[in-house]
Amino acid sequence: MGLFDQVRYLPREVKIFVATEALLGIGMGILGFVLNFHFLALNISPEEIGALNSVGTFVMGLFSLPAGFMARHFGRKRVFITGILLIGLGYLMFGIGTTLYAFYPAQVIQFIGISLLVSTEIQLLFSYAGTSETETLSYSLLFAVFTLFSGIGTLMGGFIPQFLKDGTTKYQWSIYISALAIFLLAILRGVFLPCLNNDNNRVKVEKKGLVESFKEQLNSKIITLTLYLFLMGIAFSLVIPFQNVIIKFTTGWHDEAVSYVLTANGIILFFASIIMPWLINEVGIIRSYYYVYAINIGMAFILYFKMLPIAFVLIFLLRSGSFTLFLNMVDSQTMSAVEEDKRDFFGGARTFLRSIGGAIGSFIAGYVIQRGKSTFPFLITSLILLISFVYFEFLVKPIFVKEIEKKGEGM
């Protein structure tokens, strides 16, 4: 069956989930592009931005484990929608605030929302998908739509300040528009997505205490996978939260040119997300990991060195696409390797460890960028990826191989 036929026969709930992801992409794309510039226009330094990002990712990790238990008790959808609403509220507060200390509450609220969202999103999508084959395709489509529309949002973030300039900074109205997109997303998903597994999950959690439930859910597989995602969190946060600042400082280009680059980046991420299922089917999971590790380590290392701005941008875009493909593989395959009754706990645990890694990565990146070393985060990223490859080879690969053999026996 071809890709378009597979998409056509996806469950209705998956189609709604994927279609509405466009609003999340637009909202996050606009904010992701303008927020750092908004901070800089208010005389907040890159080092202070790094500290702010570290606090956010720390809060995200702190709330991720409770988010997993909340999903089991109240239902994945309810926690999921609450998270989206909190993200929108945080965005709104970013637009209203004018000082660094006013942004900390906004960051905390936003990242509590992100914690609730990422701790339930994949599990909820997979519960609508039904089969393991549909799970992989659904996740790829979800991320493809998100990246495509985050690119569109990035482009909007570059142009909105030209037309709506009034405010504390010229980026303020862009932030308000991003908040509106997130609130609209919460309404649509709240109305059109069904609740699943609420009653059964609530009974299970009420019969056992929090500590008992924690001990029951934790096992060596989850520990191994969450520590792997801790390393991914560091690698992600060394570059992604600062990519607009890194491009601007490294190339010396103006805001609109940077928005073009990040829009192109979104389009590349879209295609990278689409080809992920094809790559796994054609090459196999383990060989796919070898390829993406080699490409990502090599290109991150190259980006550290001085080069012409156009060459830097081209390699940056290629690296960004391959890194997104890599993260998609990690997210979908680690979740697929975990049993259904442990996925809510794993969703919280992985967010917790990845957030701690993200806080470390953001702090390091902000520190080195503040000192004029805008490409140094790429060198650190290549080192972290090399460490994670060794971890993958000896600890994570055996888990994936076992799951592949189990699925082969089932067929």
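Predicted model: local features only at pLDDT ≥ 70, side-chain atom pairs only at ≥ 80, totals over all residues.
Okay, let's start with the core. The largest nonpolar core has 109 residues. Who has the most contacts inside it? Those are Tyr 228, Met 232, Tyr 289, Phe 326 and Phe 400. By helix, the top contributor is helix 2, residues 12-41, which puts in 13 residues.

Now, helix 15, which runs over residues 309-336. With 28 residues at 1.5 Å a residue, helix 15 should span 40 Å, and its end C-alpha atoms are 40 Å apart, so the two agree. Helix 15 is also mostly covered, with 22 of its 28 residues buried.

Back to helix 2, and how it meets helix 3, residues 46-74. Their axes come within 10 Å and cross at roughly 130 degrees. The crossing is right-handed. On the helix 2 side you'll find Asn 36, Phe 39 and Leu 40, meeting Pro 46, Ile 49 and Leu 52 of helix 3.

Last stop: Gln 123, in helix 6, residues 121-129. Is Gln 123 buried or exposed? Its relative accessible area is 0%, so Gln 123 is buried. Leaving out neighbours within four places in sequence, its contacts are Arg 76, Val 118, Met 335, Arg 343, Asp 344 and Gly 347.

Definitions and conventions: Residues numbered from 1 in each chain as written. Heavy atoms only, no water. Helix = DSSP H or I, 4+ residues; strand = E, 2+ residues; numbered from the N terminus. Expected span 1.5 Å × (residues − 1). Buried < 20%, exposed > 50% of the residue type's maximum accessible area, 1.4 Å probe, protein only. Core = buried A, V, L, I, M, F, W, Y, C linked by side-chain atoms within 4.5 Å. Axes fitted to C-alpha atoms, helices over the stretch in contact; angles between N-to-C directions. Left-handed = near helix turned anticlockwise from the far one by under 90°. Contact = heavy atoms within 4.5 Å.
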